[in-house]
Amino acid sequence: MYLTKFFYFGEVLTKARGMSSWGDSLRAVFYGPGWVPGAPRLGDPDGFPDVRAPRGRYDPQMPLWNVWYCIVHLFLAFLLQQMLLVRVKVFPWYTTAAHLSFIFLTVGCVGGIQDGSWWAPYLESLRCLLYVFHAHVTPYPVVEGVLGAWFAFCCFVWLSRAFKDFKPGQEMCKSEDW
């Protein structure tokens, strides 16, 4: 599966190796896909190779609760980003870096959950656990308590999903009760 992502690079290298000179090999890599010696830089569109990777349509299936979970956590990351923008001048550089890292980690985890990656429940539970043990983000203790409880619950849910029946190399969406 992962090798099909590099399929097209292999085709370009095969074309470059088939050239008679170093200059033509470099042109085969950096010029258009229909380029051949003697053709314009972008090549003739009628001469473009018909190269298709041997893979099916990408269409991961996920339950509705997963969709809403991802929406809620992306919204929370957006709110964290807005709070960071408001207070960036008073935060030290390492607090800003920690907030940005958490936001990027959130986006990566949501992408992994939507893809059905085997590592997503592990990383998501770690992300939620990191939030539970972080320094306070909002100046409101009630909001901090609610967010802390929410992330603790999410950590428990993803840990139970992670250690229930998933193994490395197994897709999450293949589970019958998913």
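Tyr31 counts as partly exposed because its relative accessibility is 32%. This residue of the predicted model is found in the loop between helix 2 and helix 3 (64–87). Tyr31 also belongs to a nonpolar surface patch, together with Val12, Leu13, Leu26, Val29 and Phe30.

**Nonpolar patch**

- The six residues Val12, Leu13, Leu26, Val29, Phe30 and Tyr31 have about 530 Å² of accessible area together.
- Helix 1 (7–17) and helix 2 (22–30) are the elements that give two or more residues to this patch.
- Helix 2 contributes the most, with three residues.

- Asp24, Ser25 and Ala28 are the buried residues of helix 2.
- These residues lie on the same side of helix 2, because the arc they cover around the axis is only 105°.
- The buried residues of helix 2 pack against helix 1.

**Ala16 in helix 1**

- Ala16 is found in helix 1.
- With a relative accessible area of 8%, Ala16 falls under the 20% cut-off and is therefore buried.
- Leaving aside residues up to four places away in sequence, Ala16 touches Ser25, Ala28 and Val29.
- Ala16 and Arg27 are 11 residues apart along the chain, and their C-alpha atoms are separated by 8.0 Å.

**Aromatic pairs**

- The count of aromatic pairs comes to 11.
- One of them joins Trp65 and Trp158, whose ring centres are 5.9 Å apart; the pair is tilted because the planes stand at 40°.
- This pair links distant parts of the chain, with Trp65 in helix 3 and Trp158 in helix 6 (residues 141–165), 93 residues apart.
- Another pair, Trp118 and Tyr122, is edge-to-face, at 6.3 Å centre to centre and 65° between the planes.
- Trp65 has a relative accessible area of 39% and is therefore partly exposed, whereas Trp158, at 0% relative accessibility, counts as buried.
- Trp118 counts as partly exposed at 30% relative accessibility, and Tyr122 counts as partly exposed at 24%.
- Ring pairs also link Trp65 and Trp158 into a cluster with Tyr69, Trp150 and Phe153.

**Chain as a whole**

- The chain has six helices and zero strands, so the order of elements from the N terminus on is α-α-α-α-α-α.
- Of the 178 residues in the chain, 30% are buried.
- Among contacts between residues at least 6 apart in sequence, 52% join residues at least 24 apart.
- The chain exposes about 12200 Å², of which carbon and sulfur atoms supply 70%.

Methods
Residues numbered from 1 in each chain as written. Predicted model: local features only at pLDDT ≥ 70, side-chain atom pairs only at ≥ 80, totals over all residues. Heavy atoms only, no water. Patch = residues over 30% accessible without salt bridge, like charges linked within 9 Å, V, L, I, M, F, W, Y side chains within 5 Å. Areas by Shrake-Rupley, 256 points an atom, 1.4 Å probe, with all protein chains shown as cover. Salt bridge = Lys/Arg side-chain N within 4 Å of Asp/Glu carboxyl O. Helix = DSSP H or I, 4+ residues; strand = E, 2+ residues; numbered from the N terminus. Buried < 20%, exposed > 50% of the residue type's maximum accessible area, 1.4 Å probe, protein only. Phe/Tyr/Trp six-rings, centres within 6.5 Å; stacked < 30°, edge-to-face > 60°. Arc of directions from axis to C-beta. Contact = heavy atoms within 4.5 Å.
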